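Trainee: Please take me through the model below, one question at a time.

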Amino acid sequence: MSAAHSESIKRQRPEDEKLPLGKTFAYGLQHVLTMYGGIIAPPLIIGGAAGLSSTEIGVLVASCLFVGGLATILQTVGIPFFGAQLPLVQGTSFASVATMVAIVNGGGGIQAVFGAVLVASLIGFLIAPFFARIIRFFPPVVTGVVITMIGVSLTPVAANWAMGGDAKSEDYGSLANIGLAAGTLLIVLLLSKVGSAALSRLSILLAIVIGTVAAAMLGMADFSNVGEGAFFAFPQPLAFGWPVFEIGGIISMTIVVLVILTETTADILAVGEIAKTKVDSKRIADGLRADMASSVVAPIFNTFTQSAFAQNVGLVAITGITSRFVVAAGGGILVVLGLLPILGRVVAAIPMPVLGGAGIVLFGTVAASGIRTLSKVKYDSANLVIVAASIAFGCLPIVKGDFYENFPTWFETIFHSGISSAAIMAVLLNLLFNEFKRGSMGKDGSVFAAAPPRMVKQEEICGLLEGDSFEDGKLIDKDGQEIPVVTSEEFEQVMTGQIELQQLSQSKSSGH
């Protein structure tokens with residue numbers, strides 16, 4: 001009976017919902033289209049830096065799709081000790097691109113990159129359980145900041161796609177490209193507005209299809225290369241030779257792996273928040289182990305570090321489809337794309353501005369989810385400082401990409417990501433202000449305490465917060481603090497500084 005009850009609870013998890021087969025693969029394809037530009041970009045960049053031929057870069061791309069698909073299936077379906085069983089798409093992390101290019105330019109070539117990824121991922125696998133134990137240090141004030149920054153930090157990616165994706169292209173940033181992105185964005189919004197739930201949930205996929213058709217009619221999509229190259233090809237292990245192990249590259253990549261662990265932890269917490277499902281330290285550990293196990297296997301199959309894709313977290317939020325089996329279907333599609341290069345070439349022909357238009361909504365939705373989480377925070381002086389400083393700190397490398405270029409390489413690697421820098425700052429400030437009680441600021445101990453005090457107008461008594469209650473004729477919040485009930489005139493007097501709130505409260509308590 002106990003086992004049956006446990007199984008019943010497990011089936012009730014939002015992420016365990018099973019949709020009809022057709023819808024499952026349709027929504028799975030939507031995930032693939034959403035992240036396709038992001039997953040193929042790292043092998044294109046690294047292959048170009050390594051001086052590989054177009055055929056060799058094609059091998060990198062196919063391998064990236066194949067391994068990303070297998071990693072996604074492992075993460076979503078899961079086996080004992082591996083996989084968070086959440087709707088998370090896996091692929092090559094952008095956090096590692098700059099470091100891998102540096103390793104290539106250091107003279108080690110692509111083999112040195114594979115060697116560094118292999119060793120660093122093994123180290124990451126060993127320390128993954130430690131990261132799982134930090135769950136208690138991620139209250140809403142931290143997770144809200146991190147989720148918000150995931151969305152904010154991805155906005156430049158959407159902007160780059162909307163402009164054309166290739167800064168060296170003659171039409172990069174042209175009105176035609178931006179107009180196509182704007183048209184795709186408009187289609188997403190219109191489809192989201194219609195009364196049909198099915199159309200609304202498929203708005204991203206349909207907008208991408210319609211946008212691509214429109215681009216083809218305008219001569220802005222090129223499908224001429226789809227028929228060139230092999231139809232079927234299985235990724236050949238060690239196609240570029242055996243990995244080369246260089247100590248400098250390994251140290252740099254290990255730092256990157258720490259960043260990836262931080263970002264994946266944030267993504268697991270984000271998708272758990274969106275799906276409204278329980279995420280504990282065990283689940284995070286299983287997710288991180290799947291991340292790192294996939295990353296260990298990746299260089300054997302000619303690809304790089306694997307991590308959860310933040311943009312797909314946005315897709316989960318905007319569609320409301322939290323089924324992990326939908327994302328597993330997307331993983332299967334990625335595997336097929338990796339085995340059938342011709343299908344990959346079809347998807348690769350989707351114009352970047354179309355993806356950019358869809359990305360604006362997707363990435364903005366992630367940020368909105370973070371803001372929703374931050375709405376649960378009680379904004380006393382400490383939490384206001386945490387949110388303000390963390391978000392601003394995380395925005396530094398986003399608004400000023402060269403901010404850390406004169407810092408040591410290891411420091412730049414960690415803090416060049418707005419997500420990881422905001423996460424680190426939020427965790428440290430939460431420890432300082434909320435965990436270490438000694439020396440905590442008092443009610444008037446900070447300049448932030450000058451923020452307007454909380455009051456309730458008589459005509460706005462319906463605006464009570466969760467946990468508020470009336471006791472002996474007084475309004476008491478969930479922490480036992482009395483909240484003054486004032487008239488509109490008294491409210492204005494306090495807000496304009498004509499009278500202090502404490503003075504008003506004393507006056508009311510004395511009956512004057």
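## Core, helices and loops

Trainee: Leaving aside neighbours within four places in sequence, which residues is Phe304 in contact with?
Mentor: This is a predicted model, in which local features need pLDDT of at least 70 and side-chain atom pairs count only at pLDDT 80 or more, while totals for chains, interfaces and linings use all residues. Residues are numbered from 1 along each chain as its sequence is written, and side-chain values use heavy atoms, with hydrogens and water left out. Contact means heavy atoms within 4.5 Å. Once neighbours within four places in sequence are set aside, the contacts of Phe304 are Pro43, Ile46, Leu60, Thr92, Met100, Ile110, Val113, Phe114, Val117 and Ala298.

Trainee: Which residues have the most contacts inside the largest nonpolar core?
Mentor: A nonpolar core is a set of buried Ala, Val, Leu, Ile, Met, Phe, Trp, Tyr and Cys residues joined through side-chain atoms within 4.5 Å. Buried means under 20% relative accessible area, exposed over 50%, and partly exposed in between (1.4 Å probe, protein chains only). The largest core has 107 residues, and those with the most contacts inside it are Leu65, Ile150, Ile208, Met253 and Phe304.

Trainee: Which helix gives the most to this core?
Mentor: Helices (H or I, at least four residues) and strands (E, at least two) are DSSP runs, numbered from the N terminus. With 15 residues, the top contributor is the helix at residues 97-132, H4.

Trainee: How many residues are in the second core?
Mentor: The second core is separate. Its members include Val67, Phe301, Val335 and Leu339, and its size is 6 residues.

Trainee: How many residues of H9 are buried?
Mentor: H9 reaches 41 Å from its first C-alpha to its last, close to the 42 Å expected at 1.5 Å a residue. The expected span is 1.5 Å times one less than the number of residues. H9 is largely enclosed by the rest of the structure, because the buried count is 23 of the 29 residues.

Trainee: Is Thr265 buried or exposed?
Mentor: Thr265 is found in helix H9, at residues 247-275. Beyond residues up to four places away in sequence, Thr265 touches Phe131, Ile284 and Leu288. Its relative accessible area is 1%, so Thr265 is buried.

Trainee: What is the phi of Lys276?
Mentor: Lys276 lies in the loop between H9 and helix H10 (281-297), just after H9. At a relative accessible area of 64%, Lys276 is exposed. Most residues other than glycine have a negative phi, and most peptide bonds are trans. Lys276 is not a glycine, but its phi is positive, about 55°.

Trainee: What is the phi of Phe81?
Mentor: Phe81 sits in the loop between helix H3 (54-77) and strand E1 (90-92). Phe81 counts as exposed, because its relative accessibility is 55%. Phe81 is not a glycine either, and its phi is positive, about 75°.

Trainee: How far apart are the end C-alpha atoms of H8?
Mentor: Helix H8 (residues 203-217) has 15 residues, which at 1.5 Å a residue should span 21 Å. H8 is followed by Gly219, whose phi is positive, near 75°.

Trainee: Which residues make the nonpolar surface patch of about 310 Å²?
Mentor: Patches are made of residues with over 30% relative accessible area and no salt bridge; like charges are joined within 9 Å, nonpolar side chains (Val, Leu, Ile, Met, Phe, Trp, Tyr) within 5 Å. A salt bridge is a side-chain nitrogen of Lys or Arg within 4 Å of a carboxyl oxygen of Asp or Glu. Met217, in helix H8, is exposed at a relative accessible area of 70%. The patch of about 310 Å² is made by Val209, Val213 and Met217.

Trainee: What separates the C-alpha atoms of Ala308 and Gly287?
Mentor: Ala308 is in strand E2 (residues 306-308). Ala308 counts as buried, because its relative accessibility is 8%. Ala308 and Gly287 are 21 residues apart along the chain, and their C-alpha atoms are separated by 9.3 Å.

Trainee: Which residues does Ser469 touch, not counting those up to four places away in sequence?
Mentor: Ser469 is in strand E4 (residues 469-471). Ser469 counts as partly exposed, because its relative accessibility is 28%. With residues up to four places away left out, Ser469 touches Lys474, Leu475 and Ile476.

Key: Areas by Shrake-Rupley, 256 points an atom, 1.4 Å probe, with all protein chains shown as cover.
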